[in-house]
Amino acid sequence: MWLAEQASPGHGASGQNAGSLHFQIERRFLEREGGLGYEGEQTARLSRIAVEDWSSLETTMDIDLNIHMNGGLMVAHSAAEVELLEAKAAREQAMGLSVETIDAAEVQRRAPYLSPDILAANFMAAEGHADARIIAPTFTQAARSAGARIFTGTRITALRKHGGHFSATMESRGPAQAGGSSRPAKTETRRITAAKVLICSGIWSRQLAAMAGLHLPLFPAPLTMNVTQRRDPFLPYLIQHVGRRLSMKQASAGNVLIGGGWPSRMWRNEHEFDFTRPPALVAESLAGNLKAAVETMPGIVDFDLLRSWTGITAVTQDQLPVAGEFPAMPGLFCAAGGSAFTLGPTFARLVSRQILEQDRAEADALLSVASPARFESLNGFMGQ
Amino acid sequence: MHNGSTTDYDALIIGGGPAGQAAAIELANLRLRCAVIDEQARPGGQILRQPPASFEASHWAEEASYRPLKQQLHQFETQSGIDWLGRRSVIGLQSDGTSHSVLISGANGLQQFTAPHVLIAAGCYDLPVAIPGWTLPGAMGAGAMQTLLKAQGILTGERIALAGTHPLMLLIAAQIHAAGGTVAEVAFDQPFTRFAKAMGRNLGTGLRHAGLLAEAGKAMLTLRRAGVPVRFGRKLQGIIGREQVAGAIFAAGATEEQIACDSIGLCYGFLPQSDLLRQAGLAVEWAAPAGGWAARHDDWMQSSTPGLWVAGETTGVAGAPIAREEGRIAGLGIARALERITPEDAAEQAKSSRTVLRKMAGFADLLAGLADPREALTRIQPPETLICRCENVSAAAIGDVLRETQDANAIKRITRCGMGACQGRSCEHALLRMIARETGQSVGQQPGFTARFPARPVSIGDLLEHDLQ
């Protein structure tokens, strides 16, 4: 098993997201026409599996990942939002997710720091958060211990399938020489062959699939995240809002992370979006996100904002993630798309089973909602 | 100058030190409207840090080398057409083609300004040196020590030591002595021969543009006469104390020597303030020998982004006289870009400044060579030494990760080094030196932390009070 990472583990969205473990149906699905329909329900099914995966992750991997699953509240400020919460909870219960609706008094009892204007909330005990900044590096170490070869600072510059196998070109750039040698950084090129290839490169996945001659219609979603100064622990829950873009949680170190999907602005060059520069901060997003935070948790108005940052996640047009094998090119797998932090360990486990042909039928069935088979209408035109 | 009220400016100037003042005076002379933003209540920058107006300050900055700067300060304060926006921090700088927006945090909450031209003349700060004990109360940058003295008349201890490589500490020691303080020792890391050699090699330069060095020489005599030990080849090993500084340990050959002091100023050099440069995505380069990121610029001090200009220590720490001439050139450059002055006239008026800069370049090199802190900074510290003081990250914790990755942002994510309130201002240079040691590359070949908004922590309430739309 070889793994190529163009920068360092966690450099992209997996290290830059705000670390929510959100298993309730996401607000972005509710925003859609008939949002409680197929897509929302299908991801709820994946969420049910993800709850089990995150609950057992530290034990099965025998490592500390700062995972906190103390519950999550999705709050509502208006009567219409309360109705949405109730409908959502009913659907989630039907899908086997344990979600309850609690009233204003119960919200205040559990979380007295939340606004008294909040009318109700959905509570799910399994929700929580993990430290996004350390997950990818820790997984990398575990993979290395298990025998994987990891190449950081290494880009794939060519990928194609010949007959029954894939060949790829990898370019590693310095500093390749550790330990005090004064040689300048240099580029090292390797050609490798493999029976199977997994593309799990976030927004860069589209380019890698294109190298292999396939469409993978992922689109960049440049987002904004914020973090406050450290405070003593007071917030055990993940807080989300059913009608506003908001997520809040307190990290292990004490800082409060504030996100929720507020846009930032991509840099562009003549031809395309430029993924190499962090997107520019948008003032309206910063204000909108912080306003939603203060309206939900008034006391946060006195916290100092330490840092705002931007990062690029990848989404599909139907908002569903992509995980599984390309029917148009057997042996080529993908794991990318939205919610890939929360669903990441589940994708990893199930796609690995597909790759290794272990209980394949079950893995196929569980991932069917995310399968790249839905792009066959596009990839049918792509000659190999 | 008067206190600002409008938001319609031809140019915004960040920093009211010698560079910012010089640019503002040029612009005002050409009837261009500018505002000067500064964190201090009164103009002057760090070099002419003014006490509050209510203080009696009869001996304030009376050394001869301050005289031309004080003249310029007086001109700046009496010049009309300059708005002074004191007590405000610039926390954000974004550039969008022809307009540049500056977000400012101050006593009155937030303000946003946009202007076609912005000059960053944000100065420099004490090079923080991570050695055992450097976070004890009483240990600080020597510049901070001098600021407390200049601005508030405060002595930081009963027995004050200074240690480092920069000749400025002789002046600071003399100022402490003049203010009635006791100086325990002035300890230069480098041997005296390096002073003698550098002075000899650059004798002409040193004499012609003596400024700081002449003052340092005078200060040395004063200190000697007062019985203050000024020693060379004193390698500071650590600062000791329980609750606060109680002493300093120096290597003396194979043994160690301890001196008693309750405050110590570290004086190894200065780093350019680069947070705004990097937030705005301007091209920077590593500023050897002391380090930090300096802005690249053209002949008119325009940065890599048209409309954003840089002057003074922001372009590399070289001292106030150079900063002032760069500020003048930047002011003329902005006026030239606004077509308030013809290119020919601008070139003519900039001539005198360019001549001074050419003459001063040798002196700046001489001083940089004399004060070169690199030998002291590359000494390997005990593993428990804190590198990041905001997040308590030790050299050992960074060392563990360095074997896995030499990417500063990856190390930041894994260890939290640079994630605290100072945004990496203290630790970034030390981390980059550790990375360079690990990879065998020279410092600055690897990029530093990605600079993020805000440049200073700011309360969420303040941010929301301001209409960001």
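In chain B, buried residues make up 59% of the 469 residues, where buried means under 20% relative accessible area, exposed over 50% and partly exposed in between, with a 1.4 Å probe and protein chains only. This is a predicted model, in which local features need pLDDT of at least 70 and side-chain atom pairs count only at pLDDT 80 or more, while totals for chains, interfaces and linings use all residues. Residues are numbered from 1 along each chain as its sequence is written, chains are lettered from A and ligands numbered from 1 in the order in which they are written, and side-chain values use heavy atoms, with hydrogens and water left out.

Let me stay with chain B. Its secondary structure comes to 15 helices and 24 strands, these being DSSP runs numbered from the N terminus, with helices as H or I of at least four residues and strands as E of at least two. A compact globule with 469 residues would have a radius of gyration near 23 Å, and chain B, at 22 Å, agrees with that; the radius is taken over C-alpha atoms, and the globule rule is 2.2 Å times the number of residues to the power 0.38.

Within chain B, please look at helix α12, residues 395-402, whose buried residues are B:Ala395, B:Ile398, B:Val401 and B:Leu402. These residues cover an arc of only 130 degrees around the axis, which puts them on the same side of α12(B), the arc being that of the directions from the helix axis to the C-beta atoms. What covers them includes β22 (386-388), β23 (393-394), α13 (408-415) and α14 (428-439) of chain B.

Now to chain A, which has 11 helices and 20 strands. Its radius of gyration is 21 Å, close to the 21 Å that the globule rule gives for 384 residues, so chain A is as compact as a globular protein of that length. Of those 384 residues, 52% count as buried.

Which helix of chain A holds A:Val294? The residue is in α8, residues 283-296, and A:Val294 counts as buried, with a relative accessibility of 18%. Leaving aside neighbours within four places in sequence, A:Val294 is in contact (heavy atoms within 4.5 Å) with A:Ile300 and A:Val301, and also with B:Ile460 and B:Leu464 of chain B. A:Ser115 is 179 residues from A:Val294 in sequence, yet the two C-alpha atoms are 8.5 Å apart in space.
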